[in-house]
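Me: I am new to this structure and would like to know how some of its labels are reached. Please go through them with me.

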Amino acid sequence: MRKPYQICLLMLLVCLVPAVASAQSFRVQCPTSTITHPTATSNNSEPAYAGPTYAGTSGYPAAPAHVNGAIKCQQISGGDGYSTMGDGTQTYMFSFGPLSGISDIANGLPGTEFPSVFNTVTPGLLQPGDPATTGITYNGAVGLVPDRDALAAGSCTGLCLDGHVDPRQIMDVGVMNGNIPAPLMAIDEDDEFFLTLTNVGMIMRPDLFEQHTVHFHGYPNASSFYDGVPDASVAINIGASFTYYYLAPDAGTYFWHCHITPPEHLQMGMVGQLYVRPRQNRATGALYAALQQQQLDLRTKCDSTTDILCSNPLPAVNTGATGGGKYAYNDGDGSTAYDVEYPIQIHGFDPSFHFIGMTFNPEEFADMKDKFFLLNGRSYPDTVTPGPLQTQSADGVNHFSQPLPTIINIPAGKKALLRISDLDVTEYQTLASIGIPMNVVGINAKLLRDQAGNNLNYNTNSITLAGGESLDVILDATDTTKYPSGSVFYLYTPNLDHLSNDAENFGGLMTEVHIN
Amino acid sequence: MNATKTKKAISKTRLLLAAMVAMALLLPATAHGAAPGITGPTFNLTAQPAYISQPDGSMIYSWGYGCRVAPSGFAPAAISGATCPTMQVPGPTLIVTEGQTVTVNLANGLPTSAGNTSILFPGFSLTSTTGGVAGVLTQEAAPGGTVTYSFVAGTPGTRAYYSGTQGDLQVEMGLYGAIIVLPAAVPANCSTGLAASNLAAEAHWGEHDFRLSHAAYDHAKSCYDREYLFQFSEMDPDIHYQAQAQVAARAGCVAGAAGCSLNVATEPYHPAYFLINGRSMPDDMDPNYAVEYPHQPYNGNPHMHPGEQVLLRVIGQGRWQHPFHEHGNHVRILGRDGNLILSATDPTSLAGPLLFTTSTTPGLAFDGIFYWTAKGLNWDAYGHNPASGDASAKLSCTPDANGYNTSATAAINYFEWCQDHNKPMELAPFGDVPGGGPTTLPDPNLFTNGPWYGGSPYLGPDATLRATGCSAGTNAGPLAVNCGATGSTPPSGTIANSPSGEAGFAFMWHSHNEREITTNNIFPGGMLMMMLVDSREFVIDESN
């Protein structure tokens with residue numbers, strides 16, 4: 001239930017900020033071409049990997065020897081929203097929501113889009129709660145409109161899409177559209193990634209003039225400017241947008257979260273998933289040879305004798321594997337091949353902290369105690385409910401609050417990659433597999449391999465992660481005798497008190513693996 | 001002293017936050033760190049009580065090891081003003097060399113009612129124990145008594161030492177510390193090549209060498225240019241209040257007499273203080289041996305230059321695990337508890353994992369290597385601008401075999417990643433940095449600056465002053481009128497990392513159990529420190 005003064009305050013904020021600043025406060029950025037990706041028409045798909053971007057040691061302004069990767073863009077809102085817990089409780093969150101790829105997100109896909117998709121004008125007017133409200137199919141940047149002033153001034157022609165947005169559309173869709181987990185992001189190595197964070201304000205907490213940020217957790221050699229730590233950088237105020245710019249780092253399972261008052265904003269739900277697919281997916285022919293090609297670009301090579309922080313030197317054994325599949329890492333030997341992938345984020349909610357967060361009460365950190373244990377924002381049995389979960393928010397509108405089920409469907413005889421990350425802020429969490437071993441191939445977005453090229457992947461039935469960690473697990477169902485079609489296995493936590501949904505002694509951190 | 005935990009209102013929390021940030025800003029913008037300690041190989045220690053300071057104003061009754069008499073020496077030599085009080089948390093860092101026979105004489109100066117105390121040296125085999133009385137895990141010193149432990153420091157690496165007597169209470173009270181064993185023979189490659197270039201770059205700017213050695217192990221892959229020691233622990237103040245009250249109630253009692261003992265409940269456990277080297281943020285970023293912390297001499301305040309191999313010596317000293325997240329890059333784990341992890345097929349190759357979150361585990365020490373360079377940003381971190389009239393904006397970048405500018409040891413951009421040299425980030429910058437890049441930054445009025453924001457997206461005072469229109473002389477930008485002593489406005493008025501002073505890239509290193517970056521329910525605090533990557537013109541001085 002919004003109180004009228006809250007709405008007034010928010011509108012005041014939205015109006016005041018542009019009055020102070022000379023530039024438009026909400027805007028998106030998604031260039032169709034850049035220095036690194038000079039040909040606009042080539043940036044809307046991933047080209048095959050043909051060789052090093054820069055051979056030798058020469059770099060800019062030398063033209064790329066081969067243009068690799070593409071341009072990807074995404075817009076997210078920073079604000080608040082509600083989600084539904086496994087016992088039916090409606091829970092208040094500080095949260096991010098999708099403002100691009102809204103249909104893809106609702107379908108459990110990343111909201112990361114090529115420029116040709118991102119830079120499309122909203123079809124008609126989106127309604128609060130969309131895409132849940134009207135069922136509209138749209139993956140472009142919410143709010144994107146031609147810049148009429150620039151058109152009138154003759155400073156641009158054609159569609160005149162220069163990142164100018166209609167703030168009304170941003171607010172209609174962005175307010176209270178929070179998701180748990182936050183919108184999924186996926187990029188490919190060599191991509192340039194333009195991530196626009198639009199701060200729509202937390203309408204249930206108008207007393208908080210909170211900024212939000214994106215911390216790309218694990219980005220190697222990060223700049224502090226785009227690292228999202230407000231103490232060390234800048235943070236975007238309510239009523240404005242900030243575009244983060246990243247060259248995709250080494251392949252792996254990363255994740256992202258807000259870094260404002262982390263014990264509060266992370267517990268309240270501002271956590272999401274992000275992974276980077278390897279160059280090797282785009283290689284044709286021998287994988288070993290493709291990895292040798294990557295050694296020719298100093299940015300992508302891994303020489304263990306000079307770089308102590310690279311994890312994928314040439315494998316000790318050339319298996320002769322050839323490309324064409326999907327891989328977790330640039331392994332050069334096909335050891336991380338998989339057929340289907342599932343991002344799984346572990347998190348925990350302390351319901352009393354969330355209630356306090358909604359009701360302006362003092363917060364305690366030391367004795368924070370999670371009572372809901374979440375896989376992709378849901379507890380069992382919601383984890384195996386297909387499609388997006390929706391929650392009615394305080395605006396009276398249903399929003400897709402938890403788009404990601406965690407049903408692991410593996411086609412018989414195939415392999416599934418589980419990209420597991422943990423952003424719990426209170427304790428370590430264990431996830432175990434009954435019946436089908438977990439093959440751990442990567443930890444903290446790095447291939448498990450020693451400097452001599454020996455693979456260090458291992459089988460286990462239980463993994464334990466702290467908040468701030470990730471690992472990659474392959475469930476190998478190629479043995480159809482052991483794992484026949486129709487069989488069901490379980491992923492669950494042996495932290496047995498976490499198999500609960502608050503007071504219900506049932507549910508919690510658990511989901512199902514189906515062999516189809 | 002109030003034994004109940006105070007519940008803080010949010011408004012109060014935020015007020016305190018503002019006050020703490022203001023306090024942090026008052027600190028001089030100098031850098032301090034390294035892995036200081038005392039040298040042996042004979043150490044005369046005592047276990048005594050004292051009060052340790054927390055940033056919420058509390059003085060917490062604690063027990064710690066300290067020096068009974070002045071130690072043989074302090075290391076590193078470049079840190080002056082070193083002290084070793086009779087009680088400190090963590091205990092003195094014992095620095096020895098591989099192969100030495102180490103002798104530790106421990107005197108029990110704890111209150112009589114606290115009973116016996118002792119030290120365990122996990123990872124070492126005691127060659128002799130002299131004096132004391134028999135305990136469960138080791139020989140103990142009775143109240144007022146002594147015990148002597150001897151062992152050979154057989155292999156290099158970082159290890160923990162801690163009380164082996166009633167550990168649930170004594171370790172909680174602060175009886176723990178670190179032993180660093182330096183390799184007997186430093187591999188030759190740790191003093192030549194890039195290691196020598198890095199040293200030459202330090203020397204050019206008059207920087208001291210704060211290392212204890214040039215290598216962590218007897219292994220060519222364990223070279224380092226800079227080092228830090230971080231000991232993670234947590235404190236439940238109720239346990240300390242109980243101990244304090246019981247010790248006071250039993251003052252003057254006779255050892256062994258009925259009732260001359262403590263009965264402190266150490267469960268259920270509700271820690272409210274989360275410490276790095278015995279201090280909570282922001283105290284951990286004050287200097288080593290700062291007078292305001294007479295019983296917490298060691299800080300947590302890492303700094304480094306691009307390309308330096310930085311050795312992290314990290315120990316879990318509490319009873320909980322803490323996921324220590326290093327922003328900025330991964331850490332290669334070299335070894336744990338002095339056990340180097342090598343490839344099964346090639347002993348010249350490392351096999352420890354690469355982690356961006358390095359969990360600390362009770363009683364476990366690890367050594368790891370971290371570095372930061374701007375490799376892979378796809379823009380020039382120094383904002384070089386070939387069209388500028390400013391010579392330092394037009395420096396060259398000559399890549400070595402790995403792509404870094406390492407031949408010019410006297411240059412500001414030593415160790416620049418050359419593939420992105422001159423590559424613009426901003427489409428239309430308003431300062432003296434290159435344009436034509438991929439992104440547009442928002443109007444500075446739309447964002448909020450952090451106290452450790454260097455003032456621009458670029459690294460170092462030279463780049464930041466150019467990027468904000470504050471270059472000197474003919475290159476002064478249109479905003480030069482706003483350029484004051486604290487830097488440029490907009491966008492920044494920061495002091496902790498000012499645009500004209502340090503202007504480093506700041507990264508938060510912290511526990512990712514985020515509730516642990518609080519001090520007794522106040523954010524920010526606890527297990528948090530800011531690591532700064534500094535351009536070469538900023539002199540990292542870990543001595544003050």
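Me: What makes A:C302 and A:C310 a disulfide?
Reply: The sulfur atoms of A:C302 and A:C310 are 2.1 Å apart. A disulfide is a pair of cysteine sulfur atoms within 2.5 Å, so the pair counts as one. The model is predicted: local features need pLDDT of at least 70, side-chain atom pairs count only at pLDDT 80 or more, and totals for chains, interfaces and linings use all residues. Residues are numbered from 1 along each chain as its sequence is written, chains are lettered from A and ligands numbered from 1 in the order in which they are written, and side-chain values use heavy atoms, leaving out hydrogens and water.

Me: Why is the disulfide of A:C302 and A:C310 called right-handed?
Reply: Its torsion about the S-S bond is about 80 degrees, so the disulfide is right-handed.

Me: Why is A:C258 called buried?
Reply: Buried means under 20% relative accessible area, with exposed over 50% and partly exposed in between (1.4 Å probe, protein chains only). A:C258 has 0% relative accessibility, so A:C258 counts as buried. A:C302 and A:C310 are both buried too.

Me: How do you know that B:C67 and B:C84 are bonded as a disulfide?
Reply: Their sulfur atoms are 2.0 Å apart, which meets the cut-off for a disulfide. Both B:C67 and B:C84 are buried.

Me: What makes the link of A:C30 and A:C73 a disulfide, and what is its handedness?
Reply: The S to S distance is 2.0 Å, inside the disulfide limit. With 85 degrees about the S-S bond, this link is right-handed. Both A:C30 and A:C73 are buried.
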